[in-house]
Amino acid sequence: MLGILRRLLGDRPSGQIARKRMQFVLMHDRVDITPDMLEAVKNDIIKVLSRYMEIDNRSIKVDLEQGKDFMALISNVQVKRVYRHASSI
Amino acid sequence: MAGKTIVVTSGKGGVGKTTTVANLGTTLAKKKYSVVMIDTDIGLRNLDVVMGLENRIVYNLVDIIEGKCRKEQAMIRDRKIPNLFMIPAAQTREKNSITPEQMKELCSTLAAEFDYVMIDCPAGIEQGFKNAIAGAETALVVTTPEVSAIRDADRVIGLLEAAMLKHISLIINRLNAKMVKKGDMMSTEDIISLLSVPLLGVVPESDEVVVSTNRGVPLVHDRSSKAGAAFRRMAARLNGEENLPLDGDGSHGFFGRMKRLIWN
């Protein structure tokens, strides 16, 4: 009864609140990425992309961004040219 | 013959590690597998009282490691099941009286003789935790549907993955189906999606657990106990008996009861 009343007043059930809070907390706890690791990720991205296109190795950037309830890895790469027949590799 | 080495861990204290070890160990032993349970919580041992074996202790884990006794001398046989043994932790020693390497060696020796080696891990993520997981191939992470337990479970899962354990699965303890229905408790699905590890089973919240620890007789001996039934199903799943329905939220109502009748 109390629950229904609370919900009518626009209160979310506490289980849902807990879930949302945990999504956020765990994401933060898990982001234990060292600069070394980010550098390794960057080098791997360069390696993979280089199979298909010529890229500017110096311009590549890899960053983690925290959204409201998501985390994103954002990478900006300048492409110089795409190899022909790249799709057949 | 190489048995399975399984560590039961959680990060947070008081979520039911020891109860889980006692009940899974007892169930597997009842199925005629040879089982040895090791309490690695040095200084704060409890598996002995949960199993009702506290007044039979002579030697302990540290004595085996330090060579003060043969391992057979420290293994206490269960009162009811002859193929179930327990190695108690030392009560008056420090966590660093043993090393991960020594635990690894002991676990592999025991795995050569037993079908199941169940390791009861202390709370925390320090030395005691490192000792407990060193000799294990499989980890069961116990959590309750509370934010603090889930957060700690997530930390522990990260550490287990870093330690390259082969199998990690989740046990949700003390789920209150009524509260989940009302929306006032995170559901099994919520917890799985947060922790992203496969689920071994769900234990409903139950007063029977306190009664069974009061008596020093594991719940699974009681055929009518719902929580005991949950542990029995988990043991079956652990034993590779696949396709058993998962319990918890789904086991209510007519069909749930039918399923329970069939599977138990």
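1. In this predicted model, B:T143 sits across from B:I172, a residue of strand 7 of chain B. The two strands concerned are strand 6 (residues 138-143) and strand 7 (residues 167-175) of chain B, which run parallel and are joined by six bridges. They belong to an open sheet of eight strands in chain B, with the order 3-4-2-5-1-6-7-8 and mixed pairing. At its edges are strand 3 (76-77) and strand 8 (199-204) of chain B, each of which pairs on one side only.

2. Helices pack on this sheet. Helix 5 (residues 100-113) of chain B touches strand 1 (4-9), strand 2 (35-39) and strand 5 (116-120) of chain B. The direction of helix 5 makes about 145° with that of strand 5 of chain B. Helix 11 (residues 226-238) of chain B also packs on the sheet, where it touches strand 7 and strand 8 of chain B. Here the angle between the direction of helix 11 and that of strand 8 of chain B is about 170°.

3. The largest nonpolar core has 82 residues. Which of its members touch the most other members? They are B:V117, B:M118, B:I119 and B:V141. Helix 11 of chain B is the element that gives the most to this core, namely seven residues. For B:I119, leaving out residues up to four places away in sequence, the residues touched are B:T5, B:I6, B:V7, B:V8, B:I38, B:T40, B:A132 and B:A136.

4. Most residues other than glycine have a negative phi. B:R174 is not a glycine, yet has a positive phi of about 60°. B:R174 is placed in strand 7 of chain B, and it counts as buried because 20 C-beta neighbours lie inside 10 Å. B:K32, also not a glycine, has a positive phi of about 80°. B:K32 lies in the loop that runs between helix 1 (17-30) and strand 2 of chain B. B:K32 is exposed, as it has 10 other C-beta atoms within 10 Å.

5. Is B:A2 buried or exposed? B:A2 counts as exposed, because it has 11 C-beta neighbours inside 10 Å, and the cut-off for exposed is 12 or fewer. B:A2 lies in the segment before strand 1 of chain B. Apart from neighbours within four places in sequence, B:A2 is in contact with B:A111 and B:A112. B:A2 and B:E208 are 206 residues apart in sequence, and their C-alpha atoms are 35 Å apart in space.

6. Chain A has 89 residues, of which 4% count as buried. How many helices and strands does chain A have? There are three helices and four strands, and from the N terminus on they run α-α-α-β-β-β-β. Of the contacts in chain A between residues at least 6 apart in sequence, 51% join residues at least 24 apart.

7. A:I74 is in strand 3 (residues 71-76) of chain A. A:I74 counts as exposed because it has 9 C-beta neighbours inside 10 Å. Not counting residues up to four places away in sequence, A:I74 touches A:D63 and A:E65. A:I74 and A:V62 are twelve residues apart along the chain, and 5.8 Å separates their C-alpha atoms.

8. Now the interface. Contact between the chains involves 15 residues of chain B and 14 residues of chain A. On the side of chain B that touches chain A, helix 7 (147-162), helix 8 (177-182) and helix 9 (188-195) of chain B each supply at least two residues. Helix 7 of chain B gives the most to that side, with six residues. By residue type, the side of chain B that touches chain A divides into six nonpolar, three polar and six charged residues.

9. On confidence, the model scores ipTM 0.78 and pTM 0.79. Chain B has an average pLDDT of 92, and 91% of its residues score at least 70. Where is the pLDDT of chain B below 50? This holds over residues 248-253 of chain B, a stretch that has 13 contacts in the model beyond near neighbours in sequence. Where pLDDT is low, the predicted coordinates should not be read in detail.

Notes: Residues numbered from 1 in each chain as written. Chains lettered and ligands numbered in written order. Predicted model: local features only at pLDDT ≥ 70, side-chain atom pairs only at ≥ 80, totals over all residues. pLDDT = per-residue confidence, 0-100. Contact = placed C-beta atoms within 7 Å. Nonpolar A, V, L, I, M, F, W, Y, C, P; charged D, E, K, R; others polar. Pairing = 2+ DSSP bridges. Axes fitted to C-alpha atoms, helices over the stretch in contact; angles between N-to-C directions. Core = buried A, V, L, I, M, F, W, Y, C linked by C-beta atoms within 7 Å.
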